[in-house]
Amino acid sequence: MNEPATKAKAPPKSSRRRSRELALQGIYQWRLTSDDQEQIEKQIRAEKGMGRYDAEFFSKLLRGVLTQHAELETVVAKHLDRTLDELSPVEFSVLLIGAYELIYHPEIPYRVVINEAVELAKTFGGTDGHKFVNGVLDKVAAQVRAVEVSGDSGKIVA
């Protein structure tokens, strides 16, 4: 008799991935409401059942993106085939997070930044939004991390 197939349990999310999800939520909210960043952060932190997350990294992402949004929008806009206003709020938010990490967190390998952004887009975005995010952030990485990208042999070293 065959055993019924059991669904493999997904590995738990890293605390950094959860921080990115929460930052995405805050940037999405800001995009739609223009609320104050401190109010948004306080509201997100007050939610129950947030799971394990890196509180410091969450704050850096949320505050950094919202403080630097004009610069990030300029960087991202150069690589778009449409206007920023035509992006979905999820694509917009994910692209700003990715651009922020590429510019302000050089300690995080660019491939990790892009992969995390793609995962956010897959989870929260439209059907093919992750492909769009991947393409745009590849171009941003080539611009803002030219040395790292040009020196990358394609191998991920642990």
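Me: Which residues of helix 1 meet Ile-40, Gln-43 and Ile-44 in helix 2?

Reply: Leu-22, Gln-25, Gly-26, Gln-29 and Trp-30 do. Contact means heavy atoms within 4.5 Å. By class, this contact of helix 1 with helix 2 has 4 nonpolar, 4 polar and no charged residues. Ala, Val, Leu, Ile, Met, Phe, Trp, Tyr, Cys and Pro count as nonpolar, Asp, Glu, Lys and Arg as charged, and the others, Gly among them, as polar. The model is predicted: local features need pLDDT of at least 70, side-chain atom pairs count only at pLDDT 80 or more, and totals for chains, interfaces and linings use all residues. Numbering starts from 1 along each chain as its sequence is written, and side-chain values use heavy atoms, with hydrogens and water left out.

Me: What makes helix 1 oblique to helix 2?

Reply: The angle. Helix 1 (residues 15-33) and helix 2 (residues 37-46) pack at about 135 degrees, their axes 10 Å apart. That makes helix 1 oblique to helix 2. The classes are roughly parallel under 35 degrees, roughly antiparallel over 145, roughly perpendicular from 65 to 115, and oblique for the rest. Axes are lines fitted to C-alpha atoms over the stretch in contact, and angles run from 0 to 180 degrees between N-to-C directions. The crossing of helix 1 and helix 2 is right-handed.

Me: Why is helix 2 called roughly antiparallel to helix 3?

Reply: Helix 2 and helix 3 (residues 55-67) pack at about 150 degrees, with their axes 10 Å apart. That angle makes helix 2 roughly antiparallel to helix 3. Helix 2 supplies Gln-37, Ile-40, Glu-41, Ile-44 and Arg-45 to the contact, and helix 3 supplies Ala-55, Phe-58, Ser-59, Leu-62, Arg-63, Leu-66 and Thr-67. These divide into 6 nonpolar, 3 polar and 3 charged residues.

Me: How do you know that Glu-101 is buried?

Reply: Its relative accessible area is 1%, so Glu-101 is buried. Buried means under 20%, exposed over 50%, and partly exposed in between, with a 1.4 Å probe and protein chains only. Glu-101 sits in helix 5 (residues 89-104). Leaving aside neighbours within four places in sequence, Glu-101 is in contact with Arg-20, Phe-57, Leu-61, Pro-106, Ile-108, Val-113 and Arg-145.

Me: Why does Ser-34 count as exposed?

Reply: Ser-34 has 59% relative accessibility, and therefore counts as exposed. The residue lies in the loop between helix 1 and helix 2. Ser-34 also has a positive phi of about 60 degrees, although it is not a glycine.

Me: What makes Thr-74 partly exposed?

Reply: A relative accessible area of 46% makes Thr-74 partly exposed. Thr-74 belongs to helix 4 (residues 69-77). Leu-84 is 10 residues apart from Thr-74 along the chain, and their C-alpha atoms are separated by 9.5 Å.

Me: Which elements does the chain run through from the N terminus on?

Reply: The order is α-α-α-α-α-α-α-α. There are 8 helices and 0 strands. Helices (H or I, at least four residues) and strands (E, at least two) are DSSP runs, numbered from the N terminus.

Me: What share of the 158 residues in the chain is buried?

Reply: Buried residues make up 39%. Of the contacts with a separation of 6 or more, 72% join residues 24 or more positions apart. The chain exposes about 9200 Å², and carbon and sulfur atoms supply 52% of it. Accessible areas come from the Shrake-Rupley method with a 1.4 Å probe.

Terms used. A crossing is left-handed if the near helix is turned anticlockwise from the far one by less than a right angle, and right-handed if clockwise.
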